[in-house]
Amino acid sequence: MTAVANSSGPQAGALHIPAPVGLLAELTHRCPLQCPYCSNPLALERVANELPADVWVDVLKQAADLGVLQLHVSGGEPTVRRDLEEIVAGAAKAGLYTNLITAAVLLTRDRLEKLAQAGVDHVQISFQDTELTNADRIAHYERGHAKKLEAAGWVRALGLPLTVNAPIHRQNIESVPAFIELAERLGAQRLEVAHVQYYGWALKNRQALMPTRAQVLRSAEIVAKARERLKGILVIDFVVPDYYARRPKPCMGGWGRGIINVTPAGKVLPCHAAESLPGLVFENVRDRSLRDIWLSSDAFQKFRHTEWMQEPCRSCEFKEVDWGGCRCQAFAFVGDMRATDPACSKSSLHAAFADTAHGEAAGAPGPFVFRSLRASA
Ligand code: SF4
Ligand code: SF4
């Protein structure tokens, strides 16, 4: 793994800090859709606080200098920004590979062409379901599904690689086979069958979203068979809900190890949910260079490496594999951000964690709290 040198002094052990490979740029929290599992924080950022394009371009140049290779342009919905082409062109100039993550309902063919000319290398479109009525109900947006299908066609017609993103939960999980067919039909290179992760809005809606364990296992079997059949044609990523896992995921590849998340207002986070942790101060690209924040800010140092761990992680053979799992989940469920992620079977709260999911999935789903500024904390 590549390491980066520390501009703030040789004493900081910089040789052991890996270079980040990816930067997630949340250009805005504005979005016409209202998905009840949105990964944006409950406290949505107002438009007045968004970084202007020239600051983003400078941040992306700094990111490339730091070692970042891939830029994920996200939101909210990034295409609400009229200056998106300028930001994408800045990324291309800096040599970044740009993945546009979009709900696609605001795209026109002309806009997509302009974005491709500016430097978009790849497009990822999220679908709420494969069945039109249910898809639009979950997005809380009329005629969205039809627009997404049209936009996906433009992506392929322009010769851009396409990823179909399918956030899965109890209210669309039976559509997994249809999602695979959809990705094939659209000529996608990649399909993400990603069970929603329960932070922020999804945590608020957990009971309405949690599938049963049997449903999750069935979807895993369907994906395994499709992977075999579509080898060399379609790559299928599969993410299970942590509540039914035995081991946690290495969240973001480990805290401060590979990914930088920059919020619409310029705060630099190790992951998009990190602001749910109390007492951490996340520095801003307006005040300090990206390099210095990555290398030496308190928030990035806090859970980097393994010194912060408690038992059972501290003496566990997997501590440099999953890095103790997710700090946000540990805090949300255990109330201690240093605790072992309850998704791990070695956590004393693992059984209670799984029981929560079983209990919620057993009842009829409650109504959604849709993601909106009005519902925002
Ligand atoms: S998850 Fe839905 S509401 Fe959230 S940014 Fe994406 S499209 Fe918009
Ligand atoms: S005890 Fe900690 S390091 Fe070991 S597998 Fe569980 S979460 Fe990972």
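Predicted model: local features only at pLDDT ≥ 70, side-chain atom pairs only at ≥ 80, totals over all residues.

Residues are numbered from 1 along each chain as its sequence is written, while chains are lettered from A and ligands numbered from 1 in the order in which they are written.

**Stop 1: ligand 1**

A residue counts as near when its C-beta atom, placed from the backbone, lies within 6 Å of the molecule. The shell includes Cys-31, Cys-35 and Cys-38. By class, the shell has five nonpolar, five polar and two charged residues. Here Ala, Val, Leu, Ile, Met, Phe, Trp, Tyr, Cys and Pro count as nonpolar, Asp, Glu, Lys and Arg as charged, and the others, Gly among them, as polar.

Stay on Gly-75 and Gly-76. The peptide bond joining Gly-75 and Gly-76 is cis, with omega about 10°. Gly-76 sits in the loop between β2 (70-74) and α2 (84-94). Helices (H or I, at least four residues) and strands (E, at least two) are DSSP runs, numbered from the N terminus.

**Stop 2: ligand 2**

Move to ligand 2. Which of the 14 residues around ligand 2 come nearest? Pick Cys-313, Cys-316, Phe-318, Cys-344 and Lys-346. The shell around ligand 2 has six nonpolar, three polar and five charged residues.

**Stop 3: the loop between α11 and α12**

Select Pro-312, in the loop between α11 (298-302) and α12. The bond from Glu-311 to Pro-312 is cis, with omega near 10°. Next take Trp-323, in the loop between α11 and α12. Trp-323 is not a glycine, yet has a positive phi of about 55°. Is Trp-323 buried or exposed? It counts as buried, with 26 C-beta neighbours inside 10 Å. The cut-offs, with C-beta atoms placed from the backbone: 20 or more other C-beta atoms within 10 Å for buried, 12 or fewer for exposed, and in between for partly exposed.

**Stop 4: helices α12 and α13**

Colour α12 (327-334). Its buried residues are Arg-327, Cys-328, Gln-329, Ala-330 and Phe-333. These pack against α13; contact means C-beta atoms, placed from the backbone, within 7 Å. Just after α12, Gly-335 has a positive phi of about 85°.

Now select α13, residues 350-362. Its buried residues are His-350, Phe-353, Ala-357, Glu-360 and Ala-361. Seen down the axis of α13, they fall within an arc of 105° (taken from the directions from the helix axis to the C-beta atoms), so they line one face of the helix. The face turned away carries the exposed residues Ala-351, Ala-352, Asp-355, Gly-359 and Ala-362. Cover for the buried residues includes α8 (206-209) and α12.

**Stop 5**

Show Ile-125. Among its contacts, not counting residues up to four places away in sequence, are Thr-102, Ala-104, Leu-162 and Val-164.

**Stop 6: one last loop**

Finish at His-140, between α4 (132-139) and α5 (144-157). His-140 has a positive phi of about 55° although it is not a glycine. His-140 is partly exposed, with 17 other C-beta atoms within 10 Å.

Conventions: Expected span 1.5 Å × (residues − 1). Contact = placed C-beta atoms within 7 Å.
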